[in-house]
Each structure stands twice: as C-alpha cells, then as structure tokens.
Amino acid sequence: MRISASKYEVMVLNRKKMACSLRIRKDPILSTKMAKDLWQREYEFAVEVARKAGAEIRKAAEKEIKVSTKSSTVDLVTKTDERVEKIIIGSLKLEFGENTHRFIGEESVAKGQACVLTDEPTWIIDPVDGTTNFVHGFPFVAVSIAFAVNKKLEFGVIYSCMEDKMYKARKGQGAFCDDEPIQVSDVRDIHKSIIISEHGTDRSKEKVTKIFSTMKKILCIPVHGLRGSGTAATNMCLVASGAVEAFFEIGIHCWDIAAGAVIVKEAGGVLLDVDGGQFDLMSRRMVCANHGDIAERIIKEIEIFPVERDDQVPPKQP
C-alpha cells in the first residue's frame, strides 16, 4: 500500500520524537527546551479539541437526551458520547494523519476495539466523563484526553465543560487550570482531610458492600468528609487543585484517569495502587492524593475486590 508523502513525513517525525523521548528520560543533561518542545503541537491541539468537544456537550445538554446502556442498567451511554468521541478522534486524525497515532477511546472499546497500550503514540480518550451526570443535568461533566508514548503518559487535558474550566499538564512542566498554576493541598493530617470517591456502575451485592464498608471506615477515621462529583476526571482535578486531599476508586478505566494522572502528579500529588504498590494505568484501581501519608492512611481502610484489567478484556466479536 502506498503511503502519501505527508503521511510518511508524520510517521517519520513520530519515530524521531519517540526516540528523542527515550533519550531525554535516559540522559538528564539533555536540554530542558528539547523536552519542552517535544509533543507540544499535540498538547496544544488537544486543548483545542477538548474545548470543541465540550461545546458540543453543552449544546446537546439543551436538547432531549436519548439514553441506552452498556455493561449494566446503570452504565449509561448516549448518542452524545459516541458523537463527541468521533469528533475528537476525527479531529486528531485530520490534524496528524490517519495512521500515525493509536487510539483508546471509551466508546470504541465498548463496541469491541481492543484496549492495548503500546509504545506507539497513543491518545486515551473519555469523550463524556460523567454520562449519568449529563443525563440528569448534574453539572459535572468532563472531556478527558491523555497522550502516551512508549507506554508513558506525556500530557493530560481535562475540560470540565459545564463549569468551563480547562485543566491541563505536561510531564515536568506543572499543572494548570485556565492557565493559572495549581497545586495539591498541604494538609498532612488525615483528620483534617476531605476524601472523594465513587461507587461505580457494578451493583453486585458483594462489591457494593465492600465499597460502602470502605467509605464507612474512612469516614470514621474520622475525616472532615466524603464527597463524589460523579466523574473521575473531575475528582482528580479537585485533588490537583487542592480542594480535596485524595480520591480512590476500584473499577475505573484507563480513559477515566489517564489525563488526571498527569495533572495530579504535576500538581505535586502522588498515585498508588489500592494495595500500596505502584500505580498501574490498566489495573482499574487507584489512589491519588496530595501526599503519600494521606494515601497510605486511606489504603489501610480499603477493602479490595477483584476487577478485570483493561488490557485483559477480550474484544467483542462483531
């Protein structure tokens, strides 16, 4: 198959960028400017696309919303989710070429696309994080776009479109909300913290019992309070901006947390597995916090239940 000159040039450029990204990680004396310019075009365009997608969500919220379900009767999806994902992926393909980047999108995976993170430049997309909120008019809905190379997250963009707040971060360059720097809170005393979590879409009795048992134990540490916005992306931005001290959940997906992971880390926060181990994007379990002390105290109370990894779920047969 013949590849057009422009597409070939983009593919070659991507290979050079990937090699450069590896060299920067291995050689700390390489210039800061070199690291800063790498993937800058993708980063800036992601912000544009997120804002465009958010405008589409706001427009759709003014009309009648037709709802269907995915994994359960409470795992909702709308035509807006599907349309916005097509807008995001279509815009990225138009800008960077048809076969130059890979994509992991919530709605694409729901329709059977494999969820595999490779070394290739990969966009990880949740077009409407907080679909249930969107359906009910609860004002926390976010567009989440992350970008990974060599299986490492390079940047994350989250647009809380009903609030009109743009959160973004690039690896090694800090985190921002509407271009203003943000950072996690300096609270180190768990008793003075607010913790945020969600109960997910799995309504099996065993899992629901463990989720609420964990919440009860954390609330009775005691902490100042437990909250939930209904969207993992927004929850992570609340940690990054210092509004709450930690967020934990089991059962989330990589597209829910990829962008937020960059934003939290660049705001000075930490990310861990719910067992205290290293954060694993594909594991579907995570604790993010302003400080390791807070994270470790929460982890002591979490009742862990099994969930299937994102990269182990077989694609649906057509």
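Modeller: A nonpolar core is a set of buried Ala, Val, Leu, Ile, Met, Phe, Trp, Tyr and Cys residues joined through side-chain atoms within 4.5 Å. Keep in mind that this model is predicted.

Colleague: How many residues does the largest nonpolar core have, and which have the most contacts inside it?

Modeller: The general idea comes first. In soluble globular proteins, nonpolar side chains tend to be buried together. Here the largest nonpolar core has 42 residues. I104, I124, L153, M236, I263, L281 and M286 have the most contacts inside it.

Colleague: Which elements each supply at least two residues of this core?

Modeller: Strands β5, β6, β7, β8 (175–177) and β14 do, along with helices α8 (232–240) and α9 (254–266). Helix α9 gives the most, with nine residues.

Colleague: Take L153. What is it in contact with, leaving aside neighbours within four places in sequence?

Modeller: L153 touches I124, A146, F147, A148, K171, A258, A261, V262 and L281. There is also a second, separate core of 31 residues. W39, A53, V84 and L92 are among its members.

Colleague: On to the sheet. What is the order of its strands?

Modeller: Strands of a sheet pair through backbone hydrogen bonds, either parallel or antiparallel. This open sheet has seven strands, in the order β3-β4-β5-β6-β7-β8-β9, and its pairing is mixed. The edge strands, β3 (102–105) and β9 (180–182), each pair on one side only. From one strand to the next, the twist averages 20°.

Colleague: How many bridges join β5 to β6?

Modeller: Eight bridges join β5 (residues 142–149) to β6 (residues 152–160), and the two strands run antiparallel.

Colleague: Which strands does helix α3 touch?

Modeller: Helix α3 (residues 40–61) packs on the sheet and touches β4 (122–129), β5, β6 and β7 (165–170). Its direction makes about 30° with that of β6. Helix α4 (residues 79–96) also packs on the sheet, touching β3, β4 and β5. The direction of α4 makes about 150° with that of β4.

Colleague: Now helix α10. Why do its buried residues line one face?

Modeller: Start with the list. In α10 (residues 292–299), G292, I294, A295, I298 and I299 are buried. Seen down the axis of α10, the buried residues fall within an arc of 160°, so they line one face of the helix. They pack against β10 (194–197), α7 (205–219), β12 (246–250), β13 (270–272) and β14 (285–289).

Colleague: Last topic, charges. How many salt bridges does the structure hold?

Modeller: Side chains of opposite charge can pair when their charged atoms come close. The structure holds 18 salt bridges. One of them joins E56 and K59, at 3.6 Å, N to O. Both residues lie in helix α3, three residues apart, about one turn of the helix. E56, K59 and R83 are linked in a network of salt bridges.

Colleague: Is E56 buried or exposed?

Modeller: E56 is buried, with a relative accessible area of 16%. K59 is partly exposed, at 43% relative accessibility.

Colleague: Which parts does the pair of E303 and K217 tie together?

Modeller: In this salt bridge the closest N and O atoms are 3.5 Å apart. E303 lies in the segment after α10 and K217 in helix α7, so the pair ties together parts that are 86 residues apart in sequence. E303 is partly exposed, with a relative accessible area of 25%. K217 also counts as partly exposed, at 33%.

Notes. Residues numbered from 1 in each chain as written. Predicted model: local features only at pLDDT ≥ 70, side-chain atom pairs only at ≥ 80, totals over all residues. Heavy atoms only, no water. Buried < 20%, exposed > 50% of the residue type's maximum accessible area, 1.4 Å probe, protein only. Helix = DSSP H or I, 4+ residues; strand = E, 2+ residues; numbered from the N terminus. Arc of directions from axis to C-beta. Contact = heavy atoms within 4.5 Å. Pairing = 2+ DSSP bridges. Axes fitted to C-alpha atoms, helices over the stretch in contact; angles between N-to-C directions. Salt bridge = Lys/Arg side-chain N within 4 Å of Asp/Glu carboxyl O.
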